[in-house]
Every structure is written in structure tokens, then in C-alpha cells.
Amino acid sequence: MSLTFFDYASLPVSRWRNGGGETREIACWPVGSDDFGWRASIATIEQNGPFSTFPEVERSITLLAGDGVRLYSAEGQIDHELAQPLRPFSFPGDIPLEATLLGGVSQDFNIMTRRGCWRADVSIISDAQLLPVSRAGVVYVICGDWQIQYEESRRLSHQQGCWWSPAMRGGQLRPLAENSQLMWVNLLPAV
């Protein structure tokens, strides 16, 4: 399978039922399935309110922009301030959470994986990487410019990225400018 490229500005927007924000879905695997194995998205949190629960799902959330949000559960299992940009925070998706903005609107990068099926490793990179063989993944440019080489060469800039299925056959990714940063999500079958 080849790479699927995306640009934040052209991702489909879904408003939340509670009116508290919006989600732009990057990818949902397997494509077209009602029951995802993994899902990547970018969310904009506009007001305080409950976080959606996802039974049997592990979540990772990374602040991209804004002052951040406090995530907490009524029973006290989770109480975390997502205030440091580009620091992934992982938690079980089946715990009901409340979200309180720490200032204005916040934007975050989200990865959800079906427990027992997939697991995600989320990191920020700034140096050249080889794309993994036989693994799924997502990359999203935080700053700078990157070149990705797979079947052809393509340039990725701020708020652009791509994702691939587990049928990946390798490739290369390298920064084209100093201080370039990229969100890297390595998706692996759960063991």
C-alpha cells in the first residue's frame, strides 16, 4: 500500500454533539470499518465539558496549540494538566473524563488504539528516519519542512502529513531545514 497524504486545512470537520469542539479525522483503520483498530485525529477543544468515552480503547493525546486542558475523572483515577506542548499523555479511553480549558481554545493530536489489537508509540522527532517495514504509522509536521521518499519523493510542510497501513515496505523521511519537528506515530499489533 502507498502513503496517504493529508493537509490539516482539507481534513473533514465533525462538530461534537455537545458543542464543545470539533474533530478532524486523519485516518481510521481498517478503512470503512465501523469498529476501528486504530484512529488518528486532530481535535479543537473550545469549551469545558465531558470527554467522550471509548470502551476497550487506549488513547494518547498531545497538545499542539493553545494553553491546554485539565483532564480529570470524578473518581480520581486521572487528574492531568495537558499544558506542555508536544508531550504525549496516554490514558484508558473507557474512564469518563471532564475537560477544563486552562485558558483559551486548545488543539491536540489524538491516537486511539483498540486494546488487545493495536498499540501506539507517539514521539516527536527532528532527525532522519527509516519508515518501518510491515507496520502502520502516521506522521504530522509540527514545524519546518520534510522530505518523504517511498515510491516517489514528496515534500511535507507545517500541518501536513501522511499515514500508511501495515503493508508498508519501507522508505525514508528526512528534515529539509534546521529545527524541523514531526509527530511520529508507530502503530504495532498488540502482543
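Predicted model: local features only at pLDDT ≥ 70, side-chain atom pairs only at ≥ 80, totals over all residues.
Residues are numbered from 1 along each chain as its sequence is written, and side-chain values use heavy atoms, leaving out hydrogens and water.

**Exercise 1.** Find which residues touch the most other members of the largest nonpolar core.

*Solution.* Start with the term: a nonpolar core is a set of buried Ala, Val, Leu, Ile, Met, Phe, Trp, Tyr and Cys residues joined through side-chain atoms within 4.5 Å. Buried means under 20% relative accessible area (1.4 Å probe, protein chains only). The largest core has 23 residues, and Ile-26, Trp-38, Phe-109, Val-138 and Tyr-140 touch the most other members. Next, look at who contributes: strand 14 gives the largest share, four residues.

**Exercise 2.** Work out how strand 14 is placed and which strands it is joined to.

*Solution.* Strands are DSSP runs (E, at least two residues), numbered from the N terminus. Seven of strand 14's eight residues are buried, so the rest of the structure largely encloses it. On to partners: seven bridges join strand 14 to strand 19, running antiparallel, with Ala-136 opposite Leu-187. Four bridges join strand 14 to strand 17, also antiparallel; here Val-138 stands opposite Trp-163.

**Exercise 3.** Decide whether Ser-60 is buried or exposed.

*Solution.* First locate Ser-60: strand 6, residues 57–65. Then check its relative accessible area, which is 6%, so Ser-60 is buried. Finally, list contacts (heavy atoms within 4.5 Å): beyond four places in sequence, Ser-60's partners include Pro-88, Phe-89, Phe-109 and Val-122.

Conventions:
Buried < 20%, exposed > 50% of the residue type's maximum accessible area, 1.4 Å probe, protein only. Pairing = 2+ DSSP bridges.
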